[in-house]
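Morning, everyone. I have one structure to walk through today. Let me put it up.

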Number of protein chains: 2
Amino acid sequence: MTQTSAKRQPEGAQDADLTSSGLEHKIAEQGMSNGHSKGHSFTNGVATNGHSTSKIAEIDASKLVVHLADPTLREVPDEATACSGLETICTDHMVTCAWTAASGWAAPEVKPYGPLSLMPTASVLHYATECFEGLKCYRGFDGKLRLFRPDLNANRMLMSTLRISLPGFNPKELEKLIATLVALDGPKWLPRSRPGSYLYLRPAIIGTHPQLGVQAPRQALLFITASFMPRMDAPVGGMKLHTSPEDMVRAWVGGFGYAKVGANYGPSLLATQEAKARGFGQILWLYGPQGECTEAGASNFFVVWKAKDTGKIQLVTAPLDDRLILDGVTRRSIVELAKDRLAGEVEVVERKYTIDEVLEADSEGRLVEAFAAGTAYFVCPVSLIHHRGKDVEIPMGKKGDSGEYTAQIKTWLMDIMYGREQHKWGMVIDEDTP
Amino acid sequence: MTQTSAKRQPEGAQDADLTSSGLEHKIAEQGMSNGHSKGHSFTNGVATNGHSTSKIAEIDASKLVVHLADPTLREVPDEATACSGLETICTDHMVTCAWTAASGWAAPEVKPYGPLSLMPTASVLHYATECFEGLKCYRGFDGKLRLFRPDLNANRMLMSTLRISLPGFNPKELEKLIATLVALDGPKWLPRSRPGSYLYLRPAIIGTHPQLGVQAPRQALLFITASFMPRMDAPVGGMKLHTSPEDMVRAWVGGFGYAKVGANYGPSLLATQEAKARGFGQILWLYGPQGECTEAGASNFFVVWKAKDTGKIQLVTAPLDDRLILDGVTRRSIVELAKDRLAGEVEVVERKYTIDEVLEADSEGRLVEAFAAGTAYFVCPVSLIHHRGKDVEIPMGKKGDSGEYTAQIKTWLMDIMYGREQHKWGMVIDEDTP
């Protein structure tokens, strides 16, 4: 037994954190020298230490190349029509930005929305080298266009792209590109005549490298689309959840449940589809032998209950520290708002809690309400949890459409998103004049 | 607490196997009425019960539509040139077959190899709705073209596609389509003047449905390419493995480690890249608190040692029963050959074994050899395992290039693949005359 292998750190301790080390090295080699995400919790410990070791190009929104679509070619459908078909309706334009390991990021482009051309050997089609974000732009009741905390999405996308071995970038530049697309297509596709409406923005990065070996891609593409997305925050009778089966675990400690990578979604579809066929809206994903509640579908999950010991009202949600769940923008905003505005009335608790605790709270009459929270489902009241043959019915308020805390939190968020309340979280977009 | 939710089975037991139930229902709805995979272990308990409930179309290789490429446009590079670039070189043609939930599979097509057109909203680019297979076709020393046990790949692909919520198909038809591509491009791209060579075949299915909701895709595409792939079975000095870090688990019980889906690959690249930067070839993936040895990179892993209790020579590899590892065709073939041809000399053992058992065997001088086994790496001798600061050197035979059992098994397999031994596992392909 001798030490022979090359280029290795001698310390045994180094062997236990290969993934973290890999992240650090990727950041260094991509020369991200501006410390943009330093100390930001979305990066989950990714250090951006300011030491640039390479001259390959960063994403630079100021180099944007614009190819405009003919705006008369497509009409804007009404919301119901747009969401009724089998295809997502996107706006006139998309943003793309190509990357190679040799040269870094090319100049970003605005171009007419249309298909991507990928070789059949492209990495993304075989190895799930892909990550994405989801956020919305809102047409305010004051006539203005807004994004909601896009910096959080941009920072999270940096963490996701590095976790899945795709290229890093400066999140501030991604924010600018998102804003550019909204400024360009917002006036037509989210007109002032539709206050209280939104478009869904989907930035994604995919590995385009056409080589079949299992390896980190050396070519990638960032693209951003803006599209209609149906409202899902108020299903009739509330959202009904089915707890996850024993033969399906969504994410696990040491895995990648905290990153917004494709690999968290495809494998969950089978059980979700089966739950939907049985009349449920989403799966409540449990973790571990104790059945810790983690996420509801692709959303974060909150319970309001009276604490067993003190009887105080608590807003409870799973913690981020073991990296099982997504650090949701809506989740984070709810936690922050509730701590600020419900102080003294409601305790906000981020901790592990099990399905048995929920069942016990129900049987003791301590369950107050529950909701799912995320960009797609926004704040969606949960009316029922089905677990191993038992139904837990959850109070849905006096009118039967939402618990009162759920409704209050939702109103606060909407007021910020749609400009009824001027707030630092609402980023106003200057629109291009058509 | 009352029973209100719709269309639900009352039994609590049903709740624990949502994924299995989902598989059963998908098979039923896809009307796969021919029982093609019944009782086949690659389907991991997927029952094909012969009850067709639908009239949507199956893949039908007899409906193949052929659009030939101009064969004079591209020359066949030599193997070294073909494998030297950043892109995988494919042959003149590919096979594609489109599917929709409404109509089933369209007529398969042979067409010139070229890019795929996908909408930016395509499911595969966001949610990793993708699965694939890898197999090779071999130019035999007897001049014939052969596939090696393609039925196993086709059956496994059925299991993978259903696990990732993509459409099912009759594996026999997939086999025919693979054979068609080999028969068409084999004569030119794997000429008789290159006996002992191979091409790599890559069937894949992707979700093409252009809708951003997290849902099972209602449109999909099967495609098959044939390409060069470098030989990786004899790295100088043997393959060096680095055990997986504590911050990265490849697969987990209740997950999808047994299916050949993209979601198993992308997330593993980061740690693998870091290990390669430190001078190692692949990661030896450990599982659980005891550190069970599961896979080596994207290959199965075998150890030959003298048993602690009896002193007998054992060929040991991880078991399939907890669905952590891929049911490899090479793995299975090695197990079967060794049981048959090494009976009395070597015990073949499929069981859980830990890295500590390997370390102990090393320290007691009982470690005989080790190798990785899969289609890409074929049978690749392992010379070193690095674990938490310690190196375990593994004997590499008298000539230093391979242990003797490793070499023997490899020779047996090559003899079948390249027609030195006529064997039922070698499926001869009738070639099209150019």
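How much area do chain A and chain B bury between them, and what share of it is on carbon and sulfur atoms? Keep in mind that this is a predicted model. The buried area comes to about 9,100 Å². Carbon and sulfur atoms carry 58% of it.

Now the residues. Chain A puts 103 residues into the contact, and chain B puts in 105.

What holds polar partners across this interface? The rule finds zero of them between chain A and chain B. Polar contacts are another matter. There, 28 residue pairs turn up across the interface, with both residues at pLDDT 80 or more.

Look at the chain A side. Helix α1 of chain A, residues 18-29, gives the largest share of the side touching chain B: eight residues. By class, that side of chain A has 49 nonpolar residues, 34 polar and 20 charged.

Next, a helix pair inside chain A. Take α7, residues 329-341, and α9, residues 404-417. Their axes come within 10 Å. They cross at roughly 110°. Angles of 65 to 115 degrees count as roughly perpendicular, so α7(A) is roughly perpendicular to α9(A).

Which residues make that contact? From α7(A), we have T330(A), S333(A), I334(A), L337(A) and R341(A). From α9(A), the partners are I409(A), W412(A), L413(A) and I416(A). Sort them by class and you get six nonpolar, two polar and one charged.

That's my tour. Over to you.

Terms used. Residues are numbered from 1 along each chain as its sequence is written. Chains are lettered from A and ligands numbered from 1 in the order in which they are written. This is a predicted model: local features need pLDDT of at least 70, side-chain atom pairs count only at pLDDT 80 or more; totals for chains, interfaces and linings use all residues. Side-chain values use heavy atoms; hydrogens and water are left out. Axes are lines fitted to C-alpha atoms, for helices over the stretch in contact, and angles run from 0 to 180 degrees between N-to-C directions. Helices (H or I, at least four residues) and strands (E, at least two) are DSSP runs, numbered from the N terminus. Angles under 35 degrees count as roughly parallel, over 145 as roughly antiparallel, 65 to 115 as roughly perpendicular and the rest as oblique. Contact means heavy atoms within 4.5 Å. Ala, Val, Leu, Ile, Met, Phe, Trp, Tyr, Cys and Pro count as nonpolar, Asp, Glu, Lys and Arg as charged, and the others, Gly among them, as polar. Buried area is the accessible area (1.4 Å probe) that two parts lose on being put together, summed over both. A salt bridge is a side-chain nitrogen of Lys or Arg within 4 Å of a carboxyl oxygen of Asp or Glu. A polar contact is a pair of N or O atoms within 3.5 Å; within protein, one must be able to donate a hydrogen and the other to accept it, and residues adjacent in sequence count only if both atoms are side-chain atoms.
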